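Thanks for coming. I will go through one structure this morning, from the definitions to the details. Please have a look at it before I start.

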Amino acid sequence: MPQHESPVGAMDDVDEVTRAVLTASRLLVAVSARSIAAVEERVTLAQFRMLVVLSSRGATKLVALAELLQVAPSTAMRMVDRLIAAGLADRQTNPGNRRETLLQLTEEGRRTVEEVTARRREEIAAIVARLRPTQRLALVEALGAFNEAGGEPPAPDMDDEPHPLGWGADVAREA
C-alpha cells in the first residue's frame with residue numbers, strides 16, 4: 001500500500017502531513033478572501049489585520065500596534081490614517097498620559113470585524129458540517145495539536161470577541 005494511503009504512514013511522514021496542511025491552508029485562505037470580499041473596497045487585507053488587532057486589544061499606542069503587526073511605525077501610521085479616513089478607527093488622547101495618542105476602532109470598525117468574522121465562521125461551519133462526526137473529532141484533535149505546536153491559543157467561542165486570526169502569537173495571547 002502506498003504511504004499516502006496508510007493512516008500510520010501519513011502520521012509518520014512529515015512531508016505528507018505538510019502537504020495536507022498546505023492544502024487546508026489554501027482552503028482557509030480562500031474562505032478568508034471570500035469573507036473579506038464584501039469590505040475589500042474599503043480596506044485591504046493588511047488594514048483588516050489592523051482592525052482585528054484593535055478589536056482584540058482595544059485602544060492601543062501606534063508603536064505597540066506596529067510591533068504587533070510586525071510593520072514599521074510609519075507603515076502602521078499610513079494604515080491608521082486610511083482607516084480613520086474610512087471611519088473605521090480613530091485617535092484619542094491617552095487619559096493616563098496626555099502626551100500619548102491611542103488608536104481604537106469606531107463602531108463601524110467593530111461592526112466590520114464582526115461581519116467578516118461571522119461570514120468566515122459560517123463558511124467554515126458549512127464545510128465542517130459535511131464531515132462525519134468521527135472526522136470532526138479527528139480534525140479537532142489534529143488541529144488542536146497543530147495549534148499547540150505552533151503556539152496558537154484556541155479561537156474564541158461564537159459569543160466571544162473576534163480573534164486575531166493567527167497574526168502573531170503575542171497578539172493572540174493578549175486577546
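I will call a residue buried when its relative accessible area is under 20%, exposed when it is over 50%, and partly exposed in between, using a 1.4 Å probe and protein chains only. Helices are DSSP runs of H or I with at least four residues, strands are runs of E with at least two, and both are numbered from the N terminus.

This is a predicted model, in which local features need pLDDT of at least 70 and side-chain atom pairs count only at pLDDT 80 or more, while totals for chains, interfaces and linings use all residues. Residues are numbered from 1 along each chain as its sequence is written, and side-chain values use heavy atoms, with hydrogens and water left out.

First, the overall layout. The protein has 8 helices and 3 strands, and from the N terminus the elements run α-α-α-β-α-α-β-β-α-α-α. Of its 175 residues, 27% are buried.

Now helix α4, residues 62-69. Which residues of α4 are buried? They are Leu-62, Leu-65, Ala-66, Leu-68 and Leu-69. These residues lie on the same side of α4, because they cover an arc of only 165° around the axis, the arc being that of the directions from the helix axis to the C-beta atoms. On the face turned away from that buried side, α4 carries the exposed residues Val-63 and Glu-67. Just after α4 comes Gln-70, with a positive phi of about 60°.

Next, the core. A nonpolar core here is a set of buried Ala, Val, Leu, Ile, Met, Phe, Trp, Tyr and Cys residues joined through side-chain atoms within 4.5 Å. The largest one has 24 residues, and those with the most contacts inside it are Val-43, Phe-48, Met-50, Leu-51, Leu-65 and Leu-83. At least two residues of this core come from each of α3 (45-57), α4, α5 (73-85), β3 (97-105) and α6 (107-129). Helix α3 gives the largest share, 6 residues. As background, nonpolar side chains in soluble globular proteins tend to be buried together.

Thr-112 counts as buried because its relative accessibility is 2%. Its side chain reaches the backbone oxygen of Glu-108 at 2.8 Å. That is a polar contact, meaning a pair of N or O atoms within 3.5 Å; within protein, one must be able to donate a hydrogen and the other to accept it, and residues adjacent in sequence count only if both atoms are side-chain atoms. Contact in general means heavy atoms within 4.5 Å. Leaving aside neighbours within four places in sequence, Thr-112 is in contact with Val-39, Arg-42, Phe-48, Leu-51 and Leu-88.

Last, the sheet. Two strands pair if DSSP finds at least two bridges between them. The 3 strands form an open sheet in the order β1-β3-β2, with antiparallel pairing. β1 (60-61) and β2 are the edge strands, each pairing on one side only. Between β2 and β3 there are 6 bridges, and these two strands form a hairpin with 2 residues between them. Ala-89 stands opposite Leu-105 of β3, and Gln-92 has Leu-102 as its bridge partner. β1 and β3 pair over 2 bridges, with Lys-61 opposite Leu-102.

Asn-94 sits in strand β2, residues 89-94, and is buried at a relative accessible area of 14%. Not counting residues up to four places away in sequence, Asn-94 touches Glu-100 and Leu-102.
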